[in-house]
Amino acid sequence: WILGVNLWGVIYGCKFFLPHLRAAGEGHIVNLSSLYGIIAPPLQTSYVATKFAVRGFSESLRAELADYNIGVTSVHPGAIQTNIVRNARLITSTHEAMRNATQRLFDRLGTSPDVVATRIVRAIELNSPRVLITKEARVADALKRLMPATTDGIVARIFKRV
């Protein structure tokens, strides 16, 4: 199910719209990845796999479309004030406790959807390959770039504490 929504939805959306963008002679594709397209916390394996795939797909597609005046941006939000966590499918009661804690965090500290939209539009205008929406996305990206071998262990310890 999650592969169908998070990855195949992106692929099919691009496949559908790409001929129209090529015919127009310009355009921009925005694919929604995640903070978890940068880091890989425990208990999120399927979700992480799809979001890393969206990131890689977007980066490759961007390279393929560079000569066609079509940009591609991969979006990596962190905590956004939406119901995505509240409405997530669960497997075990362990996940329910994690969902409730995460939703409280998103509600309290999350970025508003209006701010997200503004940042995405700005990324399109600048033809940015990626946009890191929140502070935690920027920190995670910096950690992953500076310490690629140790960041996953740090993330795992943080998530086990939470």
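## A buried serine and its surroundings

Serine 74 is buried, since its relative accessibility is 0% and a residue counts as buried when that value is under 20%. The model in which this is seen is a predicted one. Serine 74 belongs to strand β2. Its side chain makes a polar contact of 2.9 Å with the side chain of histidine 76. Beyond its neighbours within four places in sequence, serine 74 touches Asn31, Ser33, Arg55, Ser58, Pro129, Arg130 and Val131.

**The sheet**

In what order do the three strands of the open sheet lie? The order is β1-β2-β3, and the pairing is parallel. β1 (27–32) and β3 are the edge strands, each pairing on one side only. On average, neighbouring strands in this sheet are turned by 25° against each other, with direction ignored. Between β1 and β2 there are six bridges in the parallel sense. Within β2, valine 72 is the residue that stands opposite isoleucine 29. Helix α2 lies across β1, β2 and β3, and runs at about 160° to β2.

Helix α5 covers residues 135–146, which is 12 residues. The buried residues of α5 are Ala137, Ala140 and Asp141. Seen down the helix axis, the buried residues fall within an arc of 100°, so they line one face of α5. The buried residues of α5 pack against β2 (70–76) and β3 (130–132). Lys135 and Leu146 are exposed, and they sit on the face of α5 turned away from its buried side.

Helix α6 (residues 151–161) has Thr151, Val155 and Ala156 as its buried residues. Around the axis they cover an arc of only 135°, which puts them on the same side of α6. Among the elements that cover these buried residues is α5. Arg157, Lys160 and Arg161 are exposed on the other side of α6.

|---|---|---|
| α6 (residues 151–161) | Thr151, Val155, Ala156 | Arg157, Lys160, Arg161 |

Most residues other than glycine have a negative phi. Asparagine 69 is in the loop between α2 (45–65) and β2. Asparagine 127 also is not a glycine, and its phi is positive at about 50°. The loop that holds asparagine 127 runs between α4 (113–125) and β3.

**An exposed arginine**

Is arginine 108 buried or exposed? Arginine 108 is exposed, because its relative accessible area is 60% and exposed means over 50%. Helix α3 (residues 93–109) contains arginine 108. Arginine 108 and leucine 143 are 35 residues apart along the chain, and their C-alpha atoms are separated by 24 Å.

Technical notes. Residues numbered from 1 in each chain as written. Predicted model: local features only at pLDDT ≥ 70, side-chain atom pairs only at ≥ 80, totals over all residues. Heavy atoms only, no water. Helix = DSSP H or I, 4+ residues; strand = E, 2+ residues; numbered from the N terminus. Expected span 1.5 Å × (residues − 1). Buried < 20%, exposed > 50% of the residue type's maximum accessible area, 1.4 Å probe, protein only. Arc of directions from axis to C-beta. Contact = heavy atoms within 4.5 Å. Polar contact = N/O pair within 3.5 Å; in protein donor to acceptor, adjacent residues only side chain to side chain. Pairing = 2+ DSSP bridges. Axes fitted to C-alpha atoms, helices over the stretch in contact; angles between N-to-C directions.
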